[in-house]
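User: I would like to learn how to read a helix and a ligand site in a model. Please take them one after the other.

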Amino acid sequence: MAKLLVYDYVFGKGLKCGGHWKLLMRKNHGQLNSIVARMKVSRHLSSNRELLSSFQEAADDTGRQIPRYCRVNVLRSSMHDVMDYFKRHGHTYLGKARSVKDLERLKNNEFLTDLHLPDVLAFAHGTDFHDHELYRCGNIILQDKASCLPAFLLAPTPGAHVMDCCAAPGNKTSQLAAIMKNKGKIFAVDRDEARLATASTQLLRAGVTCHVLLHTDFLQLDPHDPRFRDVRFLLLDPSCSGSGMLNRHVGQVDEEKVSPDRLAALSGFQYLALRHALSFPRAQRVVYSTCSLHLQENEEVVQDVLKHFENSFRLVDPLPDWPHRGEGTFPGAALCLRASAHSDLTSGFFVAVFERVEQSPLK
Ligand code: SAM
């Protein structure tokens, strides 16, 4: 009843009720108006009609059958062996997906290789592998497709030195190690001790051996420390609002729950962390990612930081086939990738890839 009244009051023909409900609505008049105004600001919308359309879009997301993605951990197994195991245990392999629609059509025990990420398998929506033997042994990692993009796009070479600046609980660290075939060195940094302990367990289970855990604040690391002399690849996946993560209960994103103050604090940290990552003297390629939908944590951070590095770093398009691009008026937005349940069948995500334009003077 309350929801219907709020709808009528905000978007419909106004209050048609009386008594207790009318009093209640009147009492909350100011708060309701300010919530609606905040929702429009956070979505960069100007009218109630646009806000209604954005609700419709979010509701469409719920209707989309987002597959269960899993990444094959090539440190413990191989694509061939994992696929063979699934086929022998009642699953039907349909080949490589050719479109997002193929992923959405998956039924029951069918599975596909993802169309963008060669180590990622997609199973029907609702498939649960949390108790699966392959998961328990670290042969598969339950990681959403979008969250596999940053390490894949950083593409460090085997033998390289890599900094995972905000690493816990270590999903991307283990993916980096797999890409590097466990050769080289990954500095896995996190300031949260408990989360770093979880990362340590996960990395052990995944068979990662090329990492060094650093329990510290990334902003306090000295880029000129001799230990980091050879760091050429950096992955920065900082704390963010998480507004792109699907709320499994209601099937929508939690965007409006982030207060303006929290958003400002997060984007302030993200800005400093990205500047810090680009300050490593031998950095060649740096990937910045969030699971946020907010421009303030994504395109705006990238734009503000680039102003300080325009002579040394540029944005590159890491996946020209990826259809979903950055938003807003920033000219580099077209080089940034976004992902969403609605258009890509993944959780909401943002990735930007920086490459050095000049040779480091130390080289
Ligand atoms: N990349 C991780 C993965 O794929 O498993 C997820 C990282 S999570 C989004 C962000 C992490 O940043 C958290 O574990 C948090 O403790 C860490 N963090 C936040 N501020 C930090 C800082 N100043 N220095 C280092 N780590 C930080």
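User: How many residues does helix α10 have, and what does it reach from its first C-alpha to its last?

Analyst: Bear in mind that this is a predicted model. The span of a helix can be set against an expected value of 1.5 Å a residue. Helix α10 covers residues 193–205, which is 13 residues, and reaches 19 Å from its first C-alpha to its last, close to the expected 18 Å.

User: Which residues of α10 are buried?

Analyst: Burial is read from relative accessible area, with under 20% counted as buried. In α10, Leu196, Ala199 and Leu203 are buried. Viewed down the helix axis, the buried residues of α10 fall within an arc of 50°, so they line one face.

User: Which exposed residues does the face of α10 turned away from its buried side carry?

Analyst: That face carries Ala194, Thr201 and Leu204, which are exposed.

User: Now the ligand. Which of the 19 residues around the ligand come nearest?

Analyst: Asp190, Arg195, Asp217, Phe218 and Asp237 come nearest. The shell around the ligand divides into 8 nonpolar, 4 polar and 7 charged residues.

User: Where do N or O atoms of the protein lie relative to oxygen atoms of the ligand?

Analyst: For a polar contact, look for a pair of N or O atoms within 3.5 Å. An N or O atom in the side chain of arginine 195 is 2.6 Å from a ligand oxygen. Backbone atoms take part too: a polar one of glycine 170 is 3.1 Å from a ligand oxygen, and a backbone N or O atom of proline 169 lies 3.4 Å from one. As for cover, the ligand taken alone exposes 610 Å², and the protein buries 91% of that.

Technical notes:
Residues are numbered from 1 along each chain as its sequence is written. This is a predicted model: local features need pLDDT of at least 70, side-chain atom pairs count only at pLDDT 80 or more; totals for chains, interfaces and linings use all residues. Side-chain values use heavy atoms; hydrogens and water are left out. A residue is near a molecule or strand if one of its heavy atoms lies within 4 Å of it. A polar contact is a pair of N or O atoms within 3.5 Å; within protein, one must be able to donate a hydrogen and the other to accept it, and residues adjacent in sequence count only if both atoms are side-chain atoms. Accessible areas come from the Shrake-Rupley method with a 1.4 Å probe; for residues, only the protein chains shown count as cover. Ala, Val, Leu, Ile, Met, Phe, Trp, Tyr, Cys and Pro count as nonpolar, Asp, Glu, Lys and Arg as charged, and the others, Gly among them, as polar. Helices (H or I, at least four residues) and strands (E, at least two) are DSSP runs, numbered from the N terminus. The expected span of a helix is 1.5 Å times one less than its number of residues. Buried means under 20% relative accessible area, exposed over 50%, partly exposed in between (1.4 Å probe, protein chains only). The arc is that of the directions from the helix axis to the C-beta atoms.
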